[in-house]
Amino acid sequence: MSGLGKSVFLVLSVTQFILGMLGNGFIVLVNGSSWFKNKTVSLSDVIITNLALSRIVLLWILLVDGVLMVFFSKVHEEGTVMEIIDIFWTFTNHLSIWLATCLSVLYCLKIASFSHPTFLWFKWRVSRVVVQMILGALLLSCASAMSLVREFKINSILSGIAGTGNVTEHFRKKRNDYKVAHVLGTLWNLPPLIVSLASYFLLIFSLGRHTQQMKHSGTSSRDLSTEAHQRAIKIIVSFLFLFLLYFLAFLITSSSYFIPETEMVKRVGEVVTMFYPASHSFVIILGNSKLKQMFTEMLCCEPGYLKPGFKRPFAP
């Protein structure tokens with residue numbers, strides 16, 4: 001890649017890194033100071049704060065990966081350093097995705113309204129269900145990282161055989177199978193995507209039913225519950241859109257296993273990948289009443305711009 005291309009890549013990466021650190025750092029600062037001040041913290045704040053922390057780590061990993069890609073290409077292509085970065089990235093990436101999914105489920109169970117016994121069972125035990133999801137997310141993230149360690153061991157053995165020059169057709173098939181398995185590792189991302197989609201559709205159906213009930217009763221459809229539905233839907237839709245973009249970028253980057261001379265493809269994928277953890281933090285800030293209030297006060301430089309302790313009912 002030309003010097004201009006490297007410069008553009010670095011500028012885009014650093015810009016997204018700074019924006020992501022500001023957004024996620026703001027979330028951690030506000031929720032952390034609120035916890036120290038009030039000595040209590042809600043489940044949604046716990047998820048949002050840990051989500052922001054995981055994305056801060058993820059942004060650092062992506063920045064280091066981008067710097068290695070530009071200035072130390074040989075180290076980036078092979079070596080123990082990249083294996084360590086890949087393992088940490090895999091764990092943090094999956095944990096971040098699952099935490100965002102847990103947030104979607106929490107909003108759905110707290111805001112949506114259905115009379116089905118199964119939904120009511122989950123709704124009445126929402127805290128337990130979400131906490132168990134978080135613990136499951138930790139286990140799945142560890143499992144995905146461990147599977148990557150196993151892949152690296154297999155790749156090391158295959159590379160050793162290739163170095164001896166004793167390459168057979170069976171070996172080539174095994175190596176191709178390894179590459180396919182590595183790309184199929186993206187399937188780890190399908191379960192949280194499906195769960196988030198389910199949460200989104202349940203909220204849509206719940207909003208539709210609620211709107212119909214408001215019309216039949218002759219009351220305005222612009223009530224607090226409707227607004228809560230709409231805010232939660234916007235947050236989940238933004239997550240799904242950015243996650244699909246992120247997933248596509250990861251697939252593009254993974255294609256480098258099969259396509260030669262893909263340095264440009266890798267860098268484009270890297271930039272798009274960084275966009276997800278950098279931008280979604282601002283969507284969460286604007287969709288959360290407490291964070292939005294603090295963010296507005298900070299921008300307006302007026303501490304009393306909004307009343308202290310203001311919080312809309314049902315607000316995500």
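Which handedness does the crossing of α2 and α4 have? The crossing of these two helices is left-handed; a crossing is given this label if the near helix is turned anticlockwise from the far one by less than a right angle, and is right-handed if clockwise. The structure is a predicted model, in which local features need pLDDT of at least 70 and side-chain atom pairs count only at pLDDT 80 or more, while totals for chains, interfaces and linings use all residues. Residues are numbered from 1 along each chain as its sequence is written, and side-chain values use heavy atoms, with hydrogens and water left out.

The chain contains eleven helices and zero strands, where helices (H or I, at least four residues) and strands (E, at least two) are DSSP runs numbered from the N terminus. Of the 316 residues in the chain, 43% are buried; buried stands for under 20% relative accessible area, exposed for over 50% and partly exposed for values in between (1.4 Å probe, protein chains only). Among contacts with a separation of 6 or more, 77% are accounted for by residues 24 or more positions apart, a contact being heavy atoms within 4.5 Å.

An unreviewed UniProt entry carries the annotation "transmembrane region" for residues 6-30, 51-72, 87-109, 129-149, 193-211, 232-259 and 271-289. UniProt positions are given in the numbering used here, feature names are shortened, and annotations may be inferred rather than shown by experiment. In the model, the span of residues 87-109 is 100% helix and 0% strand, and its end C-alpha atoms lie 33 Å apart. The span of residues 193-211 is likewise 100% helix and 0% strand, with 27 Å between its end C-alpha atoms.

Two packed helices are described by the angle between their axes and the distance between the axes. Here the axes are lines fitted to C-alpha atoms, for helices over the stretch in contact, and angles run from 0 to 180 degrees between N-to-C directions. Helix α2 (residues 43-71) packs with helix α4 (residues 80-111) at an angle of about 150°, and their axes are 9 Å apart. The two helices are therefore roughly antiparallel to each other, since angles under 35 degrees count as roughly parallel, over 145 as roughly antiparallel, 65 to 115 as roughly perpendicular and the rest as oblique. The residues of the contact of α2 with α4 comprise 21 nonpolar, six polar and two charged. In this division, Ala, Val, Leu, Ile, Met, Phe, Trp, Tyr, Cys and Pro count as nonpolar, Asp, Glu, Lys and Arg as charged, and the others, Gly among them, as polar.

Methionine 82, located in α4, counts as buried because its relative accessibility is 6%. Its C-alpha atom is 9.1 Å from that of leucine 68, at a distance of 14 residues in sequence. Asparagine 93 is also found in α4 and counts as buried, at 2% relative accessibility. Residues up to four places away in sequence aside, asparagine 93 touches Leu58, Asn189 and Tyr246. Between the C-alpha atoms of asparagine 93 and serine 144, 51 residues apart along the chain, the separation is 10.0 Å.

Helix α4 also packs with α5, at an angle of about 110° and with the axes 9 Å apart. That angle makes α4 roughly perpendicular to α5. Cys108, Leu109, Lys110 and Ile111 of α4 form the contact with Phe119, Phe122 and Lys123 of α5. By class, the residues of this contact are five nonpolar, no polar and two charged. The crossing of α4 and α5 is left-handed. Leucine 120 is placed in helix α5 (residues 117-124) and counts as partly exposed, at 22% relative accessibility. Leucine 120 and leucine 109 are eleven residues apart in sequence, with 8.7 Å from C-alpha to C-alpha. When residues up to four places away in sequence are not counted, leucine 120 touches Phe114 and Ser115.

Serine 34, in helix α1 (residues 3-38), counts as buried at 18% relative accessibility. Beyond four places in sequence, serine 34 touches Lys39, Thr40 and Lys290. Leucine 245 lies in helix α9 (residues 224-254) and is partly exposed, with a relative accessible area of 29%. Leaving aside neighbours within four places in sequence, leucine 245 is in contact with Val272 and Phe275. Leucine 245 and tyrosine 276 are separated by 31 residues in sequence and by 7.7 Å in space, C-alpha to C-alpha.
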